[in-house]
Amino acid sequence: MTPADLSRTVLHAVRRAVADGALDAPVPESVSVERPRPGGCGDYATNVALRLAGPAHQPPRAVAEALRDRIAGQPGIASIEITGPGFLNITLHSRAQQELVERVRQQGAAYGHSRQLAGVAVRFEAGEELRARVWADVLGRLLRSQGAETEDGEVEDGEVERPHVVPATDQTQDPAADATRWALLSAAAHDRPRTGAHLLVQHESNPLFTVRYAHARSRALSRNAGRLGITTEQPAAELPTVDAPALTAAIGDHPAVLASAARLRAPDRLVRHLEATADALLSFQHTVLPLGDEKPSAAHRSRLALAEAAGTVLAGGLSLLGISAPDYL
């Protein structure tokens, strides 16, 4: 279950509570879930009960209890605990990691794509400024990944948008070059992008290199595993859970990141997510294959499947940014 799935599950519980008469409050358009803060518990937490308490004229804990009863038992949910004034802390089923890996495997590069923005039509007018043109291109890719219709100048009835970004200092760069695109997309819209030769350095100090290197490592792990007879052909549900919370969270967060990057017109959110995913994969990669006299096992197949899922996320994210993801680097 991804954060997006969990958000929809909680929102459905709110709708049921309102329909049942347990809550007299307007149903929000969306519900946010996030990783618990220090001292919290479970896999995810939401403050939706605190948000609804005022309109419902009920104590937050009473609202939380009404929602807990309607979320408990839903597919993928192991347990729910109410903490503090009314936070819902949700623990996912122990097979959630396997379900996530299987979803990525089945959806491939389309993992994280959705129909959330179906019916939305946008036409971008970026002008001649370099950064605005790159942003318009990537925003179009992100919006289409979420079901929107958007092409530069081709959507006659769509809303016209102009990317509002701080211009790049150097307007002579090639907008198709990977380093140029990364530089123009990695800074927030209100920040001036930092371009230059540092993005061509083949070193971990270069975030573009790190992300592309992490993807290449995922492909290398698959090749090396094949030589050892380790494959991930069996269903992910048959594999054991591995201890990789950071990497599992990064993979699971991908759909929500794509949705927010599209909705908020913020491709830099996707850039930061790819950096976090790459860091998690590079920290995890050393555990994937057998070391020394260690024999291949189901645990190695499970780790390999998780690493391959991370590689899929990195490749898909780079593709949306218009940046190549080489198998060798």
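Predicted model: local features only at pLDDT ≥ 70, side-chain atom pairs only at ≥ 80, totals over all residues.
Local features need pLDDT of at least 70, side-chain atom pairs count only at pLDDT 80 or more, and totals for chains, interfaces and linings use all residues. Residues are numbered from 1 along each chain as its sequence is written, and side-chain values use heavy atoms, with hydrogens and water left out.

Start at helix α10, residues 298-320. Helices (H or I, at least four residues) and strands (E, at least two) are DSSP runs, numbered from the N terminus. The expected span of a helix is 1.5 Å times one less than its number of residues. For the 23 residues of α10 that gives 33 Å, and the end C-alpha atoms are 33 Å apart, so the two agree. Just after α10, G322 takes a positive phi of about 80°.

The whole structure holds 1 cavity of 30 Å³ or more. A cavity is a set of points on a 1 Å grid over the protein atoms alone where a 1.4 Å probe fits but cannot get out; lining residues have an atom within 4 Å of a point. Helices α4 (96-107) and α10 each supply at least two lining residues. The lining has 6 nonpolar residues, 3 polar and no charged. Here Ala, Val, Leu, Ile, Met, Phe, Trp, Tyr, Cys and Pro count as nonpolar, Asp, Glu, Lys and Arg as charged, and the others, Gly among them, as polar.

Now the charged pairs. The search finds 11 salt bridges, each a side-chain nitrogen of Lys or Arg within 4 Å of a carboxyl oxygen of Asp or Glu. D5 pairs with R8, with the closest N and O atoms 2.6 Å apart. Both lie in helix α1 (residues 3-19), 3 residues apart, about one turn. An α-helix has 3.6 residues a turn, so residues three or four places apart point the same way. D5 is buried at 12% relative accessible area, while R8 is partly exposed at 44%. Buried means under 20%, exposed over 50%, and partly exposed in between (1.4 Å probe, protein chains only). A salt-bridge network links D5, R8 and R103.

R265 bridges to E161 at 2.7 Å between the closest N and O atoms. This pair links distant parts of the chain, 104 residues apart: R265 sits in the loop between α8 (245-263) and α9 (267-284), E161 in strand β6 (residues 159-161). R265 is partly exposed at 24%; E161 is buried at 15%.

Notes
1 Å grid on protein atoms, 1.4 Å probe; cavity = no way out; pocket = protein on both sides within 12 Å on 5 of 7 lines; lining within 4 Å. Points joined across faces, edges and corners; volume = space filled by probe spheres on them.
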